[in-house]
There are 2 protein chains.
Amino acid sequence: MKRTHTCGELNISNVGQNVILQGWVAKVRKMGGLTFVDLRDRYGITQLVLSEAFNEKLSEIKSEYVIEVHGKVIERKSKNKDIATGEVEIEVEEISTINKSKLTPFEIKDGIESNEDTRLVYRYLDLRRPEMQNNLVVRSKMNNSIRNYFVENNFIEIETPIFGKSTPEGARDFLVPSRLNPQKFYALPQSPQLYKQLFMISGLDRYFQIVKCFRDEDLRIDRQPEFTQLDMEMSFADSEDAMNMIEGVVKKTILDIKGIDLKESIQRMTWKESFDKYGNDKPDLRFGYEINTLDELFSNTEVPLFSNLEGKTIRAICVEGLLNKKELEQLSETAKQNSLNILAFAKITNNEWSGSVASKLSETEKESLIKTFNISKDSTILFGVENYEVVSKALGSVRNHVAKLQNLLNPEELKLVWITNFPLFEFSEEENRFVAAHHPFTMPSDGCLDDFDVNLKDAEAKAYDIVLNGFELGGGSQRITDPQLQQRMFDAIGLSKEQVEANFGWFVNAYNYGAPYHSGCALGLDRFCMLLTGAENIREVIAFPKNSSGVDPMTNAPDLVTASQLDELHIKTK
Amino acid sequence: MKRTHTCGELNISNVGQNVILQGWVAKVRKMGGLTFVDLRDRYGITQLVLSEAFNEKLSEIKSEYVIEVHGKVIERKSKNKDIATGEVEIEVEEISTINKSKLTPFEIKDGIESNEDTRLVYRYLDLRRPEMQNNLVVRSKMNNSIRNYFVENNFIEIETPIFGKSTPEGARDFLVPSRLNPQKFYALPQSPQLYKQLFMISGLDRYFQIVKCFRDEDLRIDRQPEFTQLDMEMSFADSEDAMNMIEGVVKKTILDIKGIDLKESIQRMTWKESFDKYGNDKPDLRFGYEINTLDELFSNTEVPLFSNLEGKTIRAICVEGLLNKKELEQLSETAKQNSLNILAFAKITNNEWSGSVASKLSETEKESLIKTFNISKDSTILFGVENYEVVSKALGSVRNHVAKLQNLLNPEELKLVWITNFPLFEFSEEENRFVAAHHPFTMPSDGCLDDFDVNLKDAEAKAYDIVLNGFELGGGSQRITDPQLQQRMFDAIGLSKEQVEANFGWFVNAYNYGAPYHSGCALGLDRFCMLLTGAENIREVIAFPKNSSGVDPMTNAPDLVTASQLDELHIKTK
């Protein structure tokens, strides 16, 4: 027989109906001669009531068995207002087993403490838990919201190849040996960047795609070898147009998923301001604690740490409350990991000053600090002295760490910000030269069009990142469409004509055939979904993720293959 | 400045408005002192009119330049009713060049004769042609129709891994060497079959995905190394449920794209009937010409070819009209390619019989043939004598070839059919044993549940294919969910416990933890889009396809990589 309803569907309006349900046995309990069974499926839980007549049958049925019941919907005496079906139950008339279950290696319920590798080995059982199912349902809704938004805005979804060409710029490629072309390899795409720019040259006008991308990097908590991004590009469009389009889709998705209507325009901040105030380019704006420079304030100080700066700078944040010894030790550790060896501090309570630098502070300095940080209640100031980059980055990390310690990170609060005016180049210590900060097809800002290839250090890009709660959701740029400008860019980073031709001549040549100006953006959807669900890491929003060794503990992929497979591919292992 | 309208947007209601357009110069012609320019973008073409004052500026502007014009919408004198903008033109007041173009290697227009490799090298220009843009637009709409259908039906879209495990069953895998796990390889998925079945065990109930899949086979006209499929699976669902769901999405997509409302249920045909009447399992039902067996009709014949059958069988199709010598030669060639060495024929016109077997036909045989094939006008009967499999397959190919010769294949006519009751096993000459015809997780039909593992030859499967105009659009089955039944299946095809454990133990074990009964299906979307657009092959509906050597002539992928890349992956070429 087929089910007449799912386990999340019946309510008080169905009372009196005869129904058939099918689902998993989640819980069984006996009370006053009756047996109550929670029957579960993706849609919810429905309570079954069975009389003593079913006791023999029930003795064969265990947790996680798949069963079918026929019965009548009746009103419950003790209602459960927490669930949609909580006002009714099913008076069972027939019960049968569809499929049996062995004892599961962990209980199928939310908030389990099971070790992650066990959860990954039995991922199909882990995905039976409502919180994991919710993560996947949200992900599906997110994709649907995003796609319909772009379709409504006249974008067309176009698939780009998974089998591409390896290019030396960027991260490490995954390679696929070609059987039909011995010695040759496809590369899996790190992004569809070049293809989407070609679509603009084709006049396809507005392109989007939700697409798997691949980077062979060492894995970290928020990295997977394969990841999913929303990719888009639009023609006759500058940075503003692309940012507005992305702002629209991010807000719509947040509205559709969280019911939060973010009406105001997303705040904008230059890269310089972000680095100055927050020590990074992805500030979490759910809390303040901005970094201040105190060189002037301490220009006549007696604090030894703050004297004889020699190119270093004094920077500090002021946090609410009095941090205890353990907290200060943890924060010092964070500072050290970021090359800041001393994290000095001063605590202020009722005008009493204490802490590592307090005794040497002059009254004027104390007054100035109170004014600078607008201190009106118990507070702790955390100081660092190092060169500007190092101390800023370190205090940025300390700032985020404080927020964790103080529980300031409410996942239900969503703070978006655009970071703009990125540096066009960054200096590579490894290669001892300037390289493109984003990629070499990024348009310089209007203000540096004349001298970006002379004054590389100060050149800014028409590039933008969108940041949500301290995570980079994604970013993009306006692209170079003028072949002469492109040539100046290659010259600036020291790419010879031969190198350009060998690596992406096929791409650069396309701009000789009439290109519109165009801009685009890409968003990391694993991360967006993680933030929308409040999940702890991206593996929680991926059905079958890899662990930190790049292994799927369920299938044991990657694995050994046969010698004949390698022979056919013209390779051998070593 | 930004465009105020696209090139496909302006019509008689806009007359008098000042507009800004941006697009590509498609055509320039002079007439009576005026210059007319067709300005093109993805949305259409708008005619510009320029007075003599612009002649100098116009002399700098060539085909495929990207330009911007400011002007006023005016009503055309000679209207072009074929295009949406054909009643208006733009009286240009300002014109400027956004981007220049070299002379393109082929003209940007439909129906070009350019060689395919040139089109692929300059794919970004090929995609500028309206017919190619239409193919991609249809593809985007198709995807959107499909996805919204499944979302409306409570399916959730879940992504499955691209990095999976190689399994020995099925086609050849593409492999990806793992840097972090020396000697080990990921395999790219041939389909998400096992993952989607696990989703059902997880209770996710209804899953779908539009997903790239990979098979390392030798390429043919309708094959690419990477292809896209719609994949779906549903729980508490048998074959009928899955077929109904797929029938719904196929009809909805055809309605959305072609405007054709297929109201009747899709015809069903058993695999046996299809093979008997059409010589294959993907009959093109846009025309008749069914195959008939004539052993009985010729039981006392004097035709030498039809005597002394010795296990062979006489089969024939009757086609309208009198095939000429050249056509008959071509059809004989097709028969030979399919191991049928003699394609005999008889032509009938006004009761006159001619052709290779005509002289020996008795009057009774002629009468019986007229009755069997219901002949009332000029016709040609094509006969073959061979064992049942060979002659049926060969006549199936001949039948399709006739339809091409006779122009019976109207791409606007869409004939769908479900093929059901597939054989559960097929005999592998190579391995000298029965193997699973589909995959070893396919449910046997109810009628052979008791003896499918004894009488393998006659065992049928709960499997189904959907066929459109002679192409297999896709197929699926109900799956085995009972571990004991699964074990019988493995025993039937001679897989030992050790082989099962090593290859998909992780998968089979999952069915010990409570599975719903479930069914699913997958559709090939490259092919579906080809049929929806009337394109000649699947490369026409793929933005950047590979050629028949698996090469992208634009990027030159696959290509050589550096020694250090291979070192890092612990492999070398040989």
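Author: Gladly! Helices (H or I, at least four residues) and strands (E, at least two) are DSSP runs, numbered from the N terminus. This is a predicted model, in which local features need pLDDT of at least 70 and side-chain atom pairs count only at pLDDT 80 or more, while totals for chains, interfaces and linings use all residues. Residues are numbered from 1 along each chain as its sequence is written, chains are lettered from A and ligands numbered from 1 in the order in which they are written, and side-chain values use heavy atoms, with hydrogens and water left out.

Reader: Thanks! Where is P558(A)?

Author: The peptide bond from A557(A) to P558(A) is cis, and its omega is near -5°. In chain B, the bond from A557(B) to P558(B) is also cis, with omega near -5°, and P558(B) lies in the loop between α13 and α14 of that chain. As for P558(A), its place is the loop between α13 (525-533) and α14 (563-568) of chain A.

Reader: By what turn can chain B be laid on chain A?

Author: Two copies of a chain are related by a rotation about an axis and a shift along it. Superposing by least squares on the C-alpha atoms of residues with pLDDT of at least 70 in both copies, chain B lands on chain A with an RMSD of 0.1 Å, a shift of 0.0 Å along the axis and a turn of 180°. This is the relation of a two-fold axis. One surface serves both copies, as the share of contact residues of chain B (heavy atoms within 4.5 Å) that recur in chain A is 100%; the turn asked for is 180°.

Reader: How much area do chain B and chain A bury between them?

Author: The contact draws 120 residues from chain B and 120 residues from chain A. Buried area is the accessible area (1.4 Å probe) that two parts lose on being put together, summed over both. Here 55% of it is on carbon and sulfur atoms, and the amount is about 11,100 Å².

Reader: Which helix gives the most to the side of chain B that touches chain A?

Author: Between chain B and chain A there are 85 residue pairs in polar contact, both residues at pLDDT 80 or more; such a contact is a pair of N or O atoms within 3.5 Å, one able to donate a hydrogen and the other to accept it within protein, and residues adjacent in sequence count only if both atoms are side-chain atoms. With ten residues, the helix that gives the most to this side of chain B is α4 (residues 130-152) of chain B.

Reader: Which residue of chain A forms a salt bridge with D241(B)?

Author: A salt bridge is a side-chain nitrogen of Lys or Arg within 4 Å of a carboxyl oxygen of Asp or Glu. Between chain B and chain A the count is 22 salt bridges. One of them has its closest N and O atoms 2.7 Å apart and joins D241(B) to K2(A).

Reader: How many residues apart are R539(B) and E116(B)?

Author: Over all chains, the structure holds 94 salt bridges. In one of them the side chains of R539(B) and E116(B) meet at 2.6 Å, N to O. The pair links distant parts of the chain: R539(B) is in the loop between α13 (525-533) and α14 (563-568) of chain B, E116(B) is in helix α2 (residues 116-121) of chain B, and their separation is 423 residues.

Reader: Which residue of β23(B) stands opposite T573(A)?

Author: Two strands pair if DSSP finds at least two bridges between them. Strand β23 (residues 571-573) of chain A and strand β23 (residues 571-573) of chain B pair in the antiparallel sense over three bridges. The residue opposite T573(A) is I571(B).

Reader: Why is one side of β6 and β11 of chain B left without a neighbour in the sheet?

Author: Eight strands of chain B form an open sheet with mixed pairing, in the order β6-β9-β10-β22-β21-β20-β17-β11. One side of β6 (156-157) and of β11 (267-270) has no neighbour in the sheet because these strands stand at the edges, each with a single partner strand.

Reader: Which residue stands opposite K347(A)?

Author: Five strands of chain A form an open sheet with antiparallel pairing, ordered β12-β13-β16-β14-β15. Its edge strands, each pairing on one side only, are β12 (292-293) and β15 (352-354) of chain A. Strand β14 (residues 344-349) of chain A runs antiparallel to β15(A), joined by three bridges. In β15(A), the residue opposite K347(A) is S354(A).

Reader: Which residue takes a positive phi in the hairpin of β18(B) and β19(B)?

Author: Strands β18 (residues 425-428) and β19 (residues 433-436) of chain B pair in the antiparallel sense over four bridges, with F425(B) opposite A436(B). The hairpin has four residues between the strands, and the residue with a positive phi near 55° is N432(B).
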